[in-house]
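Here's a quick briefing to read with the model open beside you. Take it topic by topic and look up each residue as you go.

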Amino acid sequence: MTGRLRRLKQLLAGGWSRTALALPFLALVVIVALDWFSKTEVTVEPALTSAPALAAVVCRRTWYPLLVGGLTVLAAFAMAAYNGVLTQSVHTASVLAIVLVTLIGWVSAVLRVRQERALADARLVAEVAQRVLLRSVPDRVGSVRAAVHYAAAAAHARIGGDLYEVVNTRHGVRAVVGDVRGKGLGAVETAAAVLGAFREAAHQEHALDRVAGWLADSLDRSLRENGHDRLGEEFVTLVLIGVCPDGVAEIVNCGHPAPVLLRDGEPVRLLEPVSPVPPLGVLPPESVRPPVRRMAVRPGDRVLLYTDGVIEARDQQGRFYPLLERLPGCAREGAPGEVLDRLHLDVVRHIGRQLGDDAAMLLLQYEPVVVPEQVARPNGQVPQLG
C-alpha cells in the first residue's frame with residue numbers, strides 16, 4: 001500500500017512539474033491576447049515581466065529563464081510595433097524591466113542549483129554515515145525475526161541521536177536501542193561510540209549487565225577524549241535485550257522507556273525494570289551494574305523497543321501518542337517490518353506533521369529455528385541430508 005501511494009505521489013509531482021513549465025508561456029499568451037483584443041489606448045506591455053519571473057520559480061534549469069526572457073522581449077517588440085509605441089518611454093522601460101527580471105531569475109536559478117547540489121552531497125554523506133553507524137537489520141537474526149524503523153527529526157537528515165543494533169552472539173541474540181542527549185554532530189559522535197562498544201561487548205561479555213558496564217566505560221572515555229567538560233550532563237538512555245538459546249529473555253534498562261511485550265491472548269504490557277537505574281554517563285562507570293530482568297518467551301512473542309520520540313509525539317492539543325492503546329491495532333497482522341510501518345504512519349497521523357524528535361523503533365519476534373529430527377534407518381545408520 002505504501003509503495004502504491006509513493007508511486008501516485010511521483011506521478012502527481014511529475015504532472016504538476018510539466019504544468020508548471022507551461023505557466024510562463026500561458027502568461028505570455030494571455031497578456032498578448034489581452035493587448036490584441038483591447039480597444040483602449042492603454043498598453044499592457046509592462047505585464048510581460050511576469051513571464052520571466054514565473055520561469056525563475058517553476059524550473060530548476062538555468063537556461064529556462066533566459067529562453068522565456070528572450071521570447072518575452074520579442075513579444076514586447078511585437079506589441080510595441082502593433083500599438084505604435086516603439087519610440088515611447090513605456091516600451092523602453094518595459095524591455096529594460098524584462099531584461100532585469102530575466103537576469104535576476106537566471107542568477108536565482110544558478111544559486112538554487114548550487115544549493116541543491118550541496119544538499120544532495122550532504123544527503124549522500126548522511127546516507128553513507130547511516131550505513132556505517134546504523135546498519136540495516138536483517139529480517140532474521142538467530143532465533144528472532146527483526147525489523148527497525150528510524151526517522152531523524154533534523155530536516156534532510158537520516159541520522160541523529162538515536163541508536164539501535166541487533167547482533168547474533170554465542171550468548172544468543174542481543175539488541176540495543178538508545179537515545180543520546182542532544183542533537184547534531186555531537187550526538188552522532190556519542191552514538192557511534194556506544195554502538196561500537198556494544199558490537200564488541202555483546203560478543204565478549206556473558207552477562208548482560210556487564211555489557212552495560214562496558215558501554216558506560218566506553219562512553220566515559222569517549223566524552224573525555226572529545227573534550228566534554230560537563231560529563232555529568234552528557235548521558236545516554238538505553239535498553240539492552242538478550243534472547244538466550246534456551247528461550248529466556250534478559251532485559252537491562254538504563255533510564256530508557258520500558259519495552260512493550262505483545263503476546264497472543266494477552267493485553268500488551270510494559271516490561272518495567274526491576275529497579276530504576278539512571279542513564280549511562282550519570283554514574284561513574286564502575287558503579288554501573290543494573291539489575292537484569294528475566295522472563296521466558298514463547299514462539300510468536302514480540303517485544304517492541306523504541307525511543308522517546310515515539311511516546312512524546314504530541315498532537316495539536318498537546319496529547320502524547322498513546323502507544324499502548326494504538327499498538328495492538330497496528331500489530332494485528334503482518335511481518336515485523338509491516339507492523340513498524342503502520343505504527344510510524346499512525347504516529348504521524350496523530351501529530352499531523354513531521355516528527356519533532358528522532359524516533360527509532362525495533363521489533364523483535366521470537367521464532368526459534370526448528371531443526372527436523374534425524375530419523376534412523378533400521379540398520380542404525382543415519383541418513384545424510386542433501
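This is a predicted model: local features need pLDDT of at least 70, side-chain atom pairs count only at pLDDT 80 or more; totals for chains, interfaces and linings use all residues.

Residues are numbered from 1 along each chain as its sequence is written, and side-chain values use heavy atoms, with hydrogens and water left out.

**Aromatic rings**

- A pair of aromatic rings is described by the distance of the centres and the angle of the planes.
- Searching the whole structure turns up three aromatic pairs. Here rings of Phe, Tyr and Trp (its six-membered ring) pair if their centres lie within 6.5 Å, and planes under 30 degrees apart count as stacked, over 60 as edge-to-face and the rest as tilted.
- Trp63 and Tyr64 make an edge-to-face pair, because their planes sit at 75° with the ring centres 6.0 Å apart.
- Tyr64 is buried, at 4% relative accessible area.
- Tyr150 and Tyr164 have ring centres 6.2 Å apart and planes at 50°, so this pair is tilted.
- That pair links distant parts of the chain: Tyr150 belongs to strand S2 (residues 144–151) and Tyr164 to strand S3 (residues 162–169), 14 residues apart. Helices (H or I, at least four residues) and strands (E, at least two) are DSSP runs, numbered from the N terminus.
- Tyr150 is buried too, with 14% relative accessibility.
- One aromatic cluster is formed by Phe25, Trp63 and Tyr64.

**A nonpolar patch**

- Phe25 and Trp63 turn up again on the surface, where they form a nonpolar patch with Leu67, Leu71 and Leu74. Together these residues have about 480 Å² of accessible area, worked out by the Shrake-Rupley method with a 1.4 Å probe, where for residues only the protein chains shown count as cover.
- Patches are made of residues with over 30% relative accessible area and no salt bridge; like charges are joined within 9 Å, nonpolar side chains (Val, Leu, Ile, Met, Phe, Trp, Tyr) within 5 Å.
- Which helix gives the most to the nonpolar patch? Helix H4 (residues 63–83) does, with four residues, and Trp63 is found in H4.

**The five-stranded sheet**

- Five strands make an open sheet in the order S3-S4-S5-S6-S9, with antiparallel pairing. Two strands pair if DSSP finds at least two bridges between them.
- S3 and strand S9 (293–296) are the edge strands, each with a single partner, so one side of each has no neighbour in the sheet.
- Strand S4 (residues 172–180) and strand S5 (residues 236–243) run antiparallel and are joined by eight bridges. Asp179, for one, has Thr237 in S5 as its bridge partner.

**Salt bridges**

- The count comes to 13 salt bridges, each being a side-chain nitrogen of Lys or Arg within 4 Å of a carboxyl oxygen of Asp or Glu.
- Arg145 and Glu367 meet in one of these, at 3.8 Å from N to O. Arg145 is in strand S2 and Glu367 in the segment after strand S11 (359–366), 222 residues apart.
- Arg145 is partly exposed at 28% relative accessibility, and Glu367 is partly exposed at 25%.
- Arg294 forms a salt bridge with Glu250, their closest N and O atoms being 3.1 Å apart. Arg294 sits in strand S9 and Glu250 in strand S6 (residues 248–254), 44 residues apart.
- Are these two partners buried or exposed? Arg294 counts as exposed at 55%, whereas Glu250 counts as buried at 12%.

**Strand S10**

- S10 is largely enclosed by the rest of the structure, because five of its five residues are buried.
- In a regular strand the side chains alternate between the two faces of the sheet.
- Arg302, Leu304 and Tyr306 point one way from S10, while Val303 and Leu305 point the other way.
- S10 pairs in the antiparallel sense with S7 over three bridges and with S11 over five bridges.
- Val303 in S10 stands opposite Leu261 and also opposite Leu364 in S11.

Conventions. Buried means under 20% relative accessible area, exposed over 50%, partly exposed in between (1.4 Å probe, protein chains only).
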